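The sequence and structure come next.

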Amino acid sequence: MKPAPFEYIAAESLEEALTALQLNSPEGKILAGGQSLLPLLNLRLTKPKILVDLNAISGLDGIRETPGSLAIGAMTRQSKIEDSSLVRERLPILAEAIRYIGHVAIRHRGTIGGSLAHADPAAELPAVALALDAKFAIAGRGGDRIISAEEFFLDFLTTALAPDEILRQIVFPVLRPFSGYALEEVARRHGDFAIAGVVVIVDLDDAGKIDEARVALFGVAPTAVRARQAERALLGRELDDSGIADAAALLEEVLDPPADIRASSAYRKHVAAILLSRALKRAVQLCQTRRIL
Ligand SMILES: Cc1cc2nc3c(=O)[nH]c(=O)nc-3n(C[C@H](O)[C@H](O)[C@H](O)COP(=O)(O)OP(=O)(O)OC[C@H]3O[C@@H](n4cnc5c(N)ncnc54)[C@H](O)[C@@H]3O)c2cc1C
């Protein structure tokens, strides 16, 4: 199929893009890498009056180090983040997560902002943003507003972005030097969206007990979600088999995943608990290794 007819503007500045969106709100759509939007256009699942292309705007991409965090422009290609030595050093969980997105060609076009704004519940990056407590800088006609990842993802493919706003930048607090981290997911084939997935970040205290645990899940709810009960249950514990089993059991108790043609709700719930166990083991091992080195 071909898209329904639309107007097109290659904006040359953020102001021009914001004006075009405001004049056409709510019938304008932003074009970033097009990896999610073009299939939706071609299937006529969305029929915007105008496409506002952000690709010619300078200053919307790039990775900048600020004290304690990395600020990443929304138009930064996923492959650029994956290959960045700064990201690999300071935010290795982000580089690891991007390797699971589709295939190389998709990551060369797809942007970090596009993935977050699209808010697919099975996508990796929203879960990473939640686990890292990232902050989103959203540009509107009145200037920027900053919201947390938890405030950004509202529902299935729905975010806190108004139709005339643009996600401009995402600020990720960097990992502590000894933090352990892991992403585990199950997908039918490499490059497919996950059926279920887990992101874990842990820190251990000097006695080897869990000092901080962050757990975010994807593919198991209308949005990526933090597993707060499991996080609380892990605090102060040594991660032996019973600690892992308790956290996994708690997760199974609170989750109520959707069913679709790829998996039943019960399967997703079961798999999420197993993925959590695997991710916890891997993250804690990494934490122990980083403390020794
Ligand atoms: C075959 C295939 C497999 C894939 N597999 C995966 C996968 O395993 N995991 C995964 O996470 N993703 C996957 N994707 C999606 C991919 O990550 C996309 O790159 C991403 O979802 C969208 O990024 P984009 O830059 O292409 O955005 P676009 O497609 O251009 O835009 C997506 C949506 O976000 C809006 N938008 C874009 N940028 C902004 C902005 N700065 N501010 C406000 N709104 C904005 C657009 O208007 C649109 O609604 C896959 C895609 C394909 C084609």
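## Terms and model

Helices (DSSP runs of H or I, at least four residues) and strands (runs of E, at least two) are numbered from the N terminus. The model is predicted, so local features need pLDDT of at least 70 and side-chain atom pairs count only at pLDDT 80 or more, while totals for chains, interfaces and linings use all residues. Residues are numbered from 1 along each chain as its sequence is written, and side-chain values use heavy atoms, with hydrogens and water left out.

## Ligand site

The ligand is surrounded by 30 residues, counting a residue as near if one of its heavy atoms lies within 4 Å. Ile30, Gly34, Ser36, Leu37 and Thr111 are the closest. By class, this shell holds 15 nonpolar, 12 polar and three charged residues. Here Ala, Val, Leu, Ile, Met, Phe, Trp, Tyr, Cys and Pro count as nonpolar, Asp, Glu, Lys and Arg as charged, and the others, Gly among them, as polar. Strand S2 (28-31), helix H7 (112-118) and strand S10 (166-173) each supply at least two shell residues; H7 gives the most, with four.

Polar contacts here are pairs of N or O atoms within 3.5 Å. A polar backbone atom of Gly34 is 2.7 Å from an oxygen atom of the ligand. An N or O atom in the side chain of Ser36 is also 2.7 Å from a ligand oxygen atom. For a polar backbone atom of Ser115, the distance to a ligand oxygen atom is 3.4 Å. Taken alone, the ligand exposes 970 Å², of which the protein buries 89% (Shrake-Rupley method, 1.4 Å probe).

## Largest pocket

A pocket is found on a 1 Å grid over the protein atoms alone, as an open set of points where a 1.4 Å probe fits, with protein on both sides within 12 Å along at least five of seven lines; lining residues have an atom within 4 Å of a point. The ligand takes up the space of the largest pocket, where more than half of its atoms must lie within 2 Å of the grid points.

This pocket holds about 1200 Å³ of space, a volume filled by probe spheres set on the points, which are joined across faces, edges and corners. Its lining has 48 residues, with Ser36, Leu37, Gly114, Ala117 and His118 closest to the centre. They divide into 23 nonpolar, 17 polar and eight charged. H7 supplies the largest share of the lining, five residues.

## Second largest pocket

The second largest pocket has a volume of about 380 Å³. Of its 20 lining residues, Asp120, Ala122, Phe156, Asp260 and Arg262 lie nearest the centre. The lining comprises 12 nonpolar, two polar and six charged residues.

## Backbone features

Most residues other than glycine have a negative phi, and most peptide bonds are trans. The bond from Ser25 to Pro26 is cis, with omega near 5 degrees; Pro26 is in the loop between helix H1 (14-24) and S2. Arg44, not a glycine, has a positive phi of about 60 degrees and lies in the loop between H2 and strand S3 (50-53).

How values were computed. Polar contact = N/O pair within 3.5 Å; in protein donor to acceptor, adjacent residues only side chain to side chain.
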